[in-house]
Structure formats: structure tokens, C-alpha cells
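Dear colleague,

Please find below the structure for your files. My notes on it follow directly after.

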Amino acid sequence: MEKEISFLRSYDFMKLGQAINHKNWQVAAMTVQRMQKTAQELELDAFVRQLTNIRQCVLHKQARQAKDILAVMMAKRAQMLNQRTEQ
């Protein structure tokens, strides 16, 4: 539970967004890879799927689609953080 909250609060989400926004595809790819590994370890399947989709967008240099998927992820992240803090 503590590792999950730590992942949800990490700066990796912001770093990924900035890398995509600045079209820094190498940093974006490395950040996605690190986040995917952590999400798999924590069994956060929704994030694993979304990160896989972002990874494909990064590989094809599709910034708009990557930002759209990231926006959905951020909403899910905020929802999960709110649930965790209420408990």
C-alpha cells in the first residue's frame, strides 16, 4: 500500500508529461519503461495498459495521442490518491 501511494505521488508522471510536451522521445521512453516496471510490480494493471499505449505513441512520435492517454492516467491517479487518503 505504501509503495503504491509512493508510485502515485512520484514525479515520474510530471516528468513523462514534460518529456512528451517537449518531444524529448528518449527521456519519455525511459520514463515509461521505469513506470511500467513499477506498475507491474505493484499489479496496477490499468496503469500498465495505459503506459503500454503511451509507449507505442512515443515510439511513433505521436505527441497528441500520448498526451490524451496521459490525461486519462492522471485522472485515474487523482481518483486513486483521493481514495487512499480517505481511508
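Glutamate 4 lies in helix H1, which covers residues 2-8; helices here are DSSP runs of H or I of at least four residues, strands are runs of E of at least two, and both are numbered from the N terminus. With a relative accessibility of 12%, glutamate 4 counts as buried (buried means under 20% relative accessible area, exposed over 50%, and partly exposed in between, with a 1.4 Å probe and protein chains only). Setting aside residues up to four places away in sequence, glutamate 4 touches Leu42, Leu44, Met80 and Arg84, where contact means heavy atoms within 4.5 Å.

Please note that this is a predicted model, in which local features need pLDDT of at least 70 and side-chain atom pairs count only at pLDDT 80 or more, while totals for chains, interfaces and linings use all residues. Residues are numbered from 1 along each chain as its sequence is written, and side-chain values use heavy atoms, with hydrogens and water left out.

As to the overall fold, the protein chain has 5 helices and 0 strands, in the order α-α-α-α-α along the sequence. Its radius of gyration is 12 Å, close to the 12 Å that the globule rule gives for 87 residues, so the chain is as compact as a globular protein of that length. This radius is taken over C-alpha atoms, and the rule is 2.2 Å times the number of residues to the power 0.38. Along the principal axes, the C-alpha atoms fill a box of roughly 40 × 20 × 20 Å. Of the 87 residues, 38% are buried.

Beyond its neighbours within four places in sequence, phenylalanine 7 is in contact with Phe13, Met35, Thr38, Ala39, Leu42, Leu44 and Phe47.

Methionine 14, in helix H2, is partly exposed, its relative accessible area being 44%. Its C-alpha atom is separated by 16 Å from that of valine 58, 44 residues apart along the chain.

With kind regards
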